Amino acid sequence: MSVKENLEAIIKAIQENKILEAFDKYYHDDIVMYEKGDSTNRVGKEANRKAEESFVNNATIHEAKIVKILVDGNNTAYEMFMDFTYGGNKVAKTQWAIQEWKDGKVIKEEFY
């Protein structure tokens, strides 16, 4: 599958509340994830999976709608509107996710 097809599969998994399944399949063992420039404790697949598990275990996604998708070689980005409940609090926000791919998997991802 192409990088674009893999990205579309990740987005579909988010929309279907299958975030951990997508993470296991499409994220590199050496993944580094950032929240607005902060990669504290987000280096490697194990640490990042724990962070993803924390979100999944505390969130209910009501809507995840794509606004834009950009693909340029091994670099991708998408803008998504999300409406979800996290820890009992309703959240509605638009967020950019920017990825770098290696060997068909995401090796770096940053959220803004």
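What volume does the largest pocket have? The volume of the largest pocket is about 500 Å³. The model is predicted, so local features need pLDDT of at least 70 and side-chain atom pairs count only at pLDDT 80 or more, while totals for chains, interfaces and linings use all residues. Residues are numbered from 1 along each chain as its sequence is written, and side-chain values use heavy atoms, with hydrogens and water left out.

**The pocket**

A pocket is an open set of points on a 1 Å grid over the protein atoms alone, where a 1.4 Å probe fits and protein lies on both sides within 12 Å along at least five of seven lines; lining residues have an atom within 4 Å of a point. The volume is the space filled by probe spheres set on the points, which are joined across faces, edges and corners.

The largest pocket is lined by 23 residues, and Glu35, Glu52, Phe55, Gln95 and Phe111 are the closest to its centre. At least two lining residues come from each of α1 (3–15), α2 (19–26), β1 (27–35), α3 (45–58), β3, β4 and β5 (105–111). Helices (H or I, at least four residues) and strands (E, at least two) are DSSP runs, numbered from the N terminus. The element that gives the most to this lining is β3, with 5 residues. By class, the lining has 16 nonpolar, 2 polar and 5 charged residues. Here Ala, Val, Leu, Ile, Met, Phe, Trp, Tyr, Cys and Pro count as nonpolar, Asp, Glu, Lys and Arg as charged, and the others, Gly among them, as polar.

**The strands**

Strand β3 (residues 75–86) pairs with strand β2 (residues 59–72) in the antiparallel sense over 12 bridges; two strands pair if DSSP finds at least two bridges between them. Across this pairing, lysine 65 stands opposite phenylalanine 81 in β3, and threonine 60 has threonine 85 in β3 as its bridge partner. The two strands form a hairpin with 2 residues between them, and glycine 73 in the turn has a positive phi of about 65°.

β3 is also joined to strand β4 (residues 89–102) by 12 bridges, and these strands run antiparallel. Tyrosine 78 has alanine 97 in β4 as its bridge partner. The hairpin of β3 and β4 has 2 residues between the strands, and glycine 87 takes a positive phi near 55°.

**Salt bridges**

The structure holds 9 salt bridges, each a side-chain nitrogen of Lys or Arg within 4 Å of a carboxyl oxygen of Asp or Glu. The table shows some of them.

| Pair | N to O distance |
|---|---|
| Aspartate 24 and arginine 49 | 2.7 Å |
| Arginine 42 and glutamate 52 | 3.6 Å |
| Lysine 50 and glutamate 46 | 3.6 Å |

Asp24 and Arg49 are linked with Glu53 in a network of salt bridges. Aspartate 24 is partly exposed, with a relative accessible area of 36%, and arginine 49 is partly exposed at 23%. Buried means under 20% relative accessible area, exposed over 50%, and partly exposed in between (1.4 Å probe, protein chains only).

Are arginine 42 and glutamate 52 buried or exposed? Both arginine 42 and glutamate 52 are buried. Lysine 50 and glutamate 46, in contrast, are exposed. Lysine 50 and glutamate 46 lie 4 residues apart in helix α3, about one turn of the helix.
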